Each structure stands twice: as structure tokens, then as C-alpha cells.
Amino acid sequence: MEWVLGKASSRADENGGLIIIALALVQAVIQTAFPLVDVKFSSDSADYVQAAAYRGFAYPFFLDLFDGFADPLRAAVVGQIWVFSAAACLLSVTLARATGHSCAGLVLLGILIINPMTIYFNYSILSESLFQSATCVYLACLVQAIHGPKPWHFAALGMTVGAMIAIRPVGFALLPILIVVVLCASYINGRRPWAGLALAVLGVTFVLLADRAAYDLRHDEPRESVLGNVLFAKSAMFAAGPSPYAPDDPRTEVWIILEEEGPADAREAISRAPFGPVSFFLMHSYEASLIFLYEKDRLQSIADRIGIPKTELMAEIGSRRILANPTGFLRFPLQHYAALWQPFYHAVTANDITAYIAQNGPFPMDNALGYITRDVFDPPHARLIHSALAIGWLASILILAASILWLRRNWPGRQMLTLAGLGVLSLHALLFLSATLSIASVRYLAALWPIVAVVICASFLVVLKLYDRRKKHARRSLEI
């Protein structure tokens with residue numbers, strides 16, 4: 001641990017680190033011996049267990065490690081608990097030692113391990129648990145990079161970003177952030193950034209090449225991508241005009257399906273719904289259906305007539321429709337991004353959406369009974385949580401602005417404020433890429449909780465630095 005974190009600056013820091021390690025160990029033992037909930041298994045879980053070609057390689061490989069156990073899924077959950085505990089411990093100890101505040105590390109550990117969504121992910125056969133663990137390691141590397149980095153810290157940072165991409169492709173959003181992190185860390189510590197940039201890029205490249213090689217060794221068929229399906233689904237959510245293909249081209253049939261049939265009715269249903277969570281909810285549901293389910297046999301038949309894979313057909317049609325109406329497409333990333341922070345419009349619960357569906361049904365595309373495929377975030381005290389998210393979004397923007405404005409000021413809180421700003425930048429980059437190439441889901445926001453926790457702790461430490469600074473100025477004034 002000392003090789004990773006460096007030597008503790010004081011006996012108190014060493015004791016604080018030991019307490020953090022002990023608490024992380026105890027909670028992992030307790031959750032292993034006394035499971036809080038049953039193993040959560042969903043349709044996405046089945047894809048990971050079967051190592052579907054369009055899923056990332058890292059998480060199916062992780063599940064394979066537990067195949068020899070009597071209950072492999074339960075064993076995988078235990079593995080997730082211990083991996084997350086270790087990652088949360090590493091992050092908490094890193095923050096405590098870098099800042100000299102053991103209490104900050106203890107608070108951070110508590111925030112990480114008691115979050116209900118984190119517990120849910122750890123007990124689910126989903127990649128979110130492993131992604132959260134990798135995020136904790138990324139944040140630990142980020143703390144080290146800001147507080148007097150060594151060259152290998154940048155390599156570790158790049159490798160961690162590579163691991164996050166291997167677990168969930170949304171990690172690609174951190175590639176430009178990686179460059180910003182190296183530049184900021186080098187500037188704060190008075191160093192040239194070139195070596196750090198080279199090591200970070202090498203770290204990412206090494207992990208992605210290893211991921212590609214490992215996939216090729218395991219699978220005979222090439223890796224698939226759902227990007228074409230996503231483009232197809234998103235292009236169905238706006239009108240794109242007449243088909244650019246010849247009337248007798250089978251692609252024209254697909255174009256007409258999206259332009260005049262069920263998706264056209266779905267667009268009208270969305271436009272009639274109140275703007276905000278209800279319309280977002282309908283949009284999510286229809287996009288989810290269009291990605292894999294809508295007219296799949298009919299699309300397969302058309303693809304067979306053309307002589308190309310169905311996914312290639314969907315990608316081609318989706319791309320042509322986006323080029324035909326780029327402004328229609330560009331509004332969707334913003335809408336999905338806003339949907340991740342739904343309280344901006346008004347607080348809404350499952351009952352509100354269910355009532356709207358009951359009063360305004362039947363809905364197109366086989367939703368005649370009001371069946372909607374997306375889950376609704378409806379926890380206890382939903383309105384309070386919605387309000388907290390809205391406040392959190394506004395606070396994150398203020399933190400990012402402050403970190404930019406005060407970056408060039410050499411004051412005691414600069415490192416912590418920069419850490420908070422880079423955390424906010426990472427958070428919004430991940431959310432915006434999710435909004436652009438996926439559909440808004442509560443779990444995408446919840447999976448980024450470690451970033452939120454670090455930003456909270458770093459911001460609190462900045463406030464403490466400002467308070468101490470004010471006290472010192474007040475003492476000097478009294479002495480004068």
C-alpha cells in the first residue's frame with residue numbers, strides 16, 4: 001500500500017488509513033456473511049452471462065472467474081462486493097493521505113459504501129458494479145495526479161481509463177478528460193506535460209489492445225456493435241422527409257416504416273405528452289423498443305433480400321436519416337441529458353406516468369395496454385431526491401466555473417478545487433456521451449456516484465481551506 005500511496009506524513013495519517021482499511025474490510029465481511037438482498041438478475045444480465053458479442057469483454061470475463069463455484073452468480077456478487085470495497089478503500093486512503101485529513105477519507109468511505117444504489121449494483125449481475133470500482137481507482141489516480149504526481153501515476157490513470165472503456169464503452173468520454181487532467185496536474189505542480197501525456201496514452205492503448213486480444217482469443221466471431229441499432233432508433237424519433245433511395249430499393253421500405261408507420265405515431269404521442277419527465281419517459285420507451293425489438297423479423301427479411309447483416313442495414317438507414325435532418329437528431333442528446341436530471345421540469349413519480357398512460361392510451365407500437373418498457377425512478381421521498389438532483393446540477397456547474405477561474409491562483413485550496421472541477425468535468429462528459437449514444441436511465445447517473453462523492457468531499461475541504469484562510473487574515477488584522 002505504501003508503494004502505491006507513498007509514505008504517510010504522520011502517525012495520525014497512518015492510523016487513519018488503517019481505520020479506513022479496517023472499516024472497508026469489516027463491511028465486506030458482513031455483506032459476504034449476511035447478504036443484504038438476493039442476487040439481482042435481468043435481461044441485460046443474461047447477455048453478460050452468455051458473453052453476447054455486442055457486450056464488453058471485461059465483465060463477462062469477470063463472471064467466468066466464478067464458473068467453478070456451486071453458485072457462480074452468488075460467488076460473482078461476493079467478488080463484486082470485495083472488489084468495490086478494495087477500490088473504495090484505495091480511493092479513501094488516497095484522499096486522506098493526499099490532503100492530510102483522515103476524517104475526509106472516513107467520510108468518503110461511508111458515502112461510498114452506504115449508498116443504496118451502490119449496494120444494488122454490487123448485488124446485480126450488471127457491469128455497473130465493476131465500472132464503479134474502476135471509477136474509484138480512476139479517482140484515486142486523479143487525486144495522486146493533482147497532489148505531486150510521479151510518472152507512473154499518469155500511466156496508471158491511462159490504464160484505468162482503458163479498463164473503464166473495456167467494461168463500458170461510455171468510458172470513451174474520459175479520453176479528452178485524460179488530456180485535461182494531465183495538463184492541469186502538470187501546470188499545478190510546475191512540470192512539463194509531455195511525458196505525462198505520453199504515459200497516459202500508452203496506458204490506455206495497452207489496456208485496449210489487451211482487451212481486443214483477449215476477446216479474439218475467446219470468440220471466433222468478430223465483436224459486434226449496437227451503435228447501428230442506436231442510430232436507427234434515434235433516427236426514428238424525428239421526421240427525415242422522403243427516401244433518398246430508388247422506389248424499388250428495399251431500403252426505401254425501411255425508410256417508409258420509420259417515416260409513416262408506428263414510429264410516426266410514436267413521435268406524435270411524444271409530442272402530445274407534457275414536456276418533461278412524461279414525454280422523456282415515452283421517448284425512452286420507444287427508443288428502447290426500436291433498438292432491438294421493433295419489426296425485427298421484417299427488418300431481417302429486408303436485410304436478407306439486400307444481402308447485408310441487419311445491423312449494417314439499420315446503421316445505414318439511421319445514418320442517412322440523421323444526415324437528412326441533423327438538427328432533428330442534435331436535440332436528442334440535450335433531451336436525454338436533461339432527462340438524467342429530470343427534476344428540472346417538475347417532480348414526477350411512477351404514479352403520475354401511470355395515470356397519464358391510463359388516461360391517454362392506447363399508445364402506438366404495441367403499447368395499447370399502457371405497457372412501457374423503461375423503469376421509473378420512484379424511491380421514497382422522490383420529490384426530495386428530485387430537488388436534491390436539481391441543486392446538485394447547479395452546484396456542479398458553479399464548482400466547474402470556480403475551478404477554471406481560480407486555477408491560476410496559487411492558494412492552499414487550489415488542488416482540492418481543481419480535483420472537484422475535474423470530477424465535475426468527468427461526470428458531465430460521461431453523462432453527455434450516455435445521452436448521445438444511449439437512452440437516459442437512472443442507473444447511468446447512479447453508477448457515477450463515486451465521482452459525486454469525491455466532488456462533495458473535495459468541495460467541503462475547499463470550504464475548510466477558505467475558512468482557515470479567513471481566520472488567519474482576521475488574526476493578522478488583530479495583531480496589526
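A crossing of two helices is left-handed if the near helix is turned anticlockwise from the far one by less than a right angle, and right-handed if clockwise. By that convention, H8 and H9 cross in the left-handed sense. This is a predicted model, in which local features need pLDDT of at least 70, side-chain atom pairs count only at pLDDT 80 or more, and totals for linings use all residues. Residues are numbered from 1 along each chain as its sequence is written, and side-chain values use heavy atoms, without hydrogens or water.

**Packing of H8 and H9**

- The axes (lines fitted to C-alpha atoms over the stretch in contact) of H8 and helix H9 (residues 151-167) come within 9 Å and cross at roughly 160°.
- H8 is therefore roughly antiparallel to H9, a term for angles over 145 degrees.
- Contact (heavy atoms within 4.5 Å) involves residues including Phe131, Tyr138 and Leu142 of H8 and Phe154, Leu157 and Met164 of H9.
- The contact residues comprise 14 nonpolar, 4 polar and no charged.

**Cavities**

- The whole structure holds 3 cavities of 30 Å³ or more, a cavity being a set of points on a 1 Å grid where a 1.4 Å probe fits but cannot get out.
- The largest cavity has about 70 Å³ of space, and its lining (residues with an atom within 4 Å of a point) includes Glu128, Phe131, Arg168 and Arg443.
- This lining has 6 nonpolar, 1 polar and 3 charged residues.
- The second largest cavity, of about 40 Å³, is lined by residues including Gln27, Gln31, Phe84 and Asn122.
- Its lining divides into 4 nonpolar, 5 polar and no charged residues.

Definitions and conventions. 1 Å grid on protein atoms, 1.4 Å probe; cavity = no way out; pocket = protein on both sides within 12 Å on 5 of 7 lines; lining within 4 Å. Points joined across faces, edges and corners; volume = space filled by probe spheres on them. Nonpolar A, V, L, I, M, F, W, Y, C, P; charged D, E, K, R; others polar. Axes fitted to C-alpha atoms, helices over the stretch in contact; angles between N-to-C directions. Helix = DSSP H or I, 4+ residues; strand = E, 2+ residues; numbered from the N terminus. Parallel < 35°, antiparallel > 145°, perpendicular 65-115°, else oblique.
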